[in-house]
Amino acid sequence: MNPIFAELPTTIFEEMSALARALDAVNLGQGFPDDPGPEDVRRKAADAVISGWNQYPPMPGLPELRQAVAAHYKVHQGLEIDPMAEVMVTSGATEAIAGALLALIAPGDEVVLFEPYYDAYLPLVRRAGGVPKFVKLAPPDWRFTKAQLAAAIGPKTRVVLFNNPLNPSATVYGPAELRLIAEAIRDTNAIVVADEVWEHVIFDGRAHTSVLAIPELRARSVKIGSAGKIFSLTGWKVGFTVAAPDILKVLMKAHQFLTFTTPPNLQSAVAYGLGKDAAHFDAMRADLTARRDHLAKGLASAGFKTLACEGTYFINVDLAPLGLTDDQAFCRRLVKEAGVAAIPVSAFYADGGMRSAIRFCFAKKYETLDAAVERLARYAPKLAA
């Protein structure tokens, strides 16, 4: 067995989900909505199964979807993209990330990761032969500095893997931070792989800045998006990769030997969805903003201090005011004693790192959020006992 995967322990995500099922807890740990997603987009997928093509679609993706991706990013992010030379469809963003790492990394190359990070990053980097270098971020602002980048990036750096907006910290990074990365890799051969799956899930009037919008990074970056996040259809696993032609050609070769292609009916439906007007995406953000604020208010009333949430489906609670120093132990107590499942943020650090925050998902029905808050409010007095 390959030790990188065979020796991985059971993750805290699996543990929390299993406990939530076994204990009939309110599960605010898993990061998916309990809404079925836009009905018109789902009907397009259903119609395409009956009346459309169900054999292999083109390996890089249906032309209609590649064109829709380019048009969508021009409208919403001001990007000029060649759909046939710079866009590839993948079976979800995680496949796009895996393919990019396998295509770009040779054994011994260094890969910069920002902690906390999506849990798939580290094993994928190691499986590709990469050597991880970490930039450790901390609450309450989760920002990085020029000095931190200088310490992590050097002549052996091949990839800088950057998640923006950042899960789990719910942080949105703007042009200034992206320019810091551009400056840090200027004299290296590094390529930025930008996981931008939360690009539409941003709040309070913020605008997403893509790595491709920074002139110094345009020709040396890979942008990864996700229809699952854009349309709250996480089970569809339709992603897209955008990169300069010379980079995309290599990424296509990795994709060819991973999933090869993605269900054509879902591709057709996503192409339709990406053409929706701005009002659809504004309404989605407004709805999630209201759910975020609803949960934040409830958590505050129950005695929990929340950290800023600028994007994603998640809001974090600061454990320091409660005198708690072990987020994993607290999450186990919470699901067993209060009947609410959360995720410890230390699970997103290579060494268990920062242990003073836990993550809740607010992309749930209001009755689910209210049930969680009610249980937490009943449990809170026990924390002071």
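Glu 183 is partly exposed, with a relative accessibility of 35% (here buried means under 20% relative accessible area, exposed over 50% and partly exposed in between, using a 1.4 Å probe and protein chains only). This is a predicted model, in which local features need pLDDT of at least 70 and side-chain atom pairs pLDDT 80 or more, while totals for chains, interfaces and linings use all residues. Residues are numbered from 1 along each chain as its sequence is written, and side-chain values use heavy atoms, without hydrogens or water.

The partner of Glu 183 is Lys 146: the two form a salt bridge whose closest N and O atoms are 3.1 Å apart (a side-chain nitrogen of Lys or Arg within 4 Å of a carboxyl oxygen of Asp or Glu). Because Lys 146 sits in helix 8 (residues 146-152) and Glu 183 in helix 9 (residues 175-185), this pair ties together parts that are 37 residues apart in sequence. Helices (H or I, at least four residues) and strands (E, at least two) are DSSP runs, numbered from the N terminus. Lys 146 itself counts as exposed, at 52% relative accessibility.

In total, the structure holds 21 salt bridges. Another one to look for joins Arg 355 and Asp 326, with 2.9 Å between the closest N and O atoms. Arg 355 belongs to the loop between strand 12 (343-344) and strand 13 (357-361), and Asp 326 to the loop between strand 10 (314-318) and helix 14 (327-338), so here the pair links parts that are 29 residues apart in sequence. Arg 355 is partly exposed at 31% relative accessibility, and Asp 326 is partly exposed at 31% too.

Some of the bridges share partners: Arg 143, Glu 177, Asp 204, Arg 206, Arg 292, Asp 293 and Glu 310 are joined in this way into one network. Within this group, you can find the side chains of Arg 292 and Asp 293 meeting at 2.9 Å, N to O. Arg 292 is buried, at 8% relative accessibility, whereas Asp 293 is partly exposed, at 38%.

## Backbone features worth a visit

Most peptide bonds are trans, and most residues other than glycine have a negative phi. Now for the exceptions in this model.

Ala 170 has a positive phi, near 65°, and is buried, at a relative accessible area of 1%. Ser 232 has a positive phi too, near 55°. Look for Ser 232 in the loop between helix 10 (227-230) and strand 8 (239-243); at 18% relative accessibility, Ser 232 is buried.

## Where two helices meet

Finally, turn to helix 4 (residues 63-77) and helix 12 (residues 264-274), whose axes come within 9 Å and cross at roughly 25° (axes are lines fitted to C-alpha atoms over the stretch in contact, and angles run from 0 to 180 degrees between N-to-C directions). Helix 4 brings Glu 64, Leu 65, Ala 68, Val 69 and His 72 to the contact (heavy atoms within 4.5 Å).
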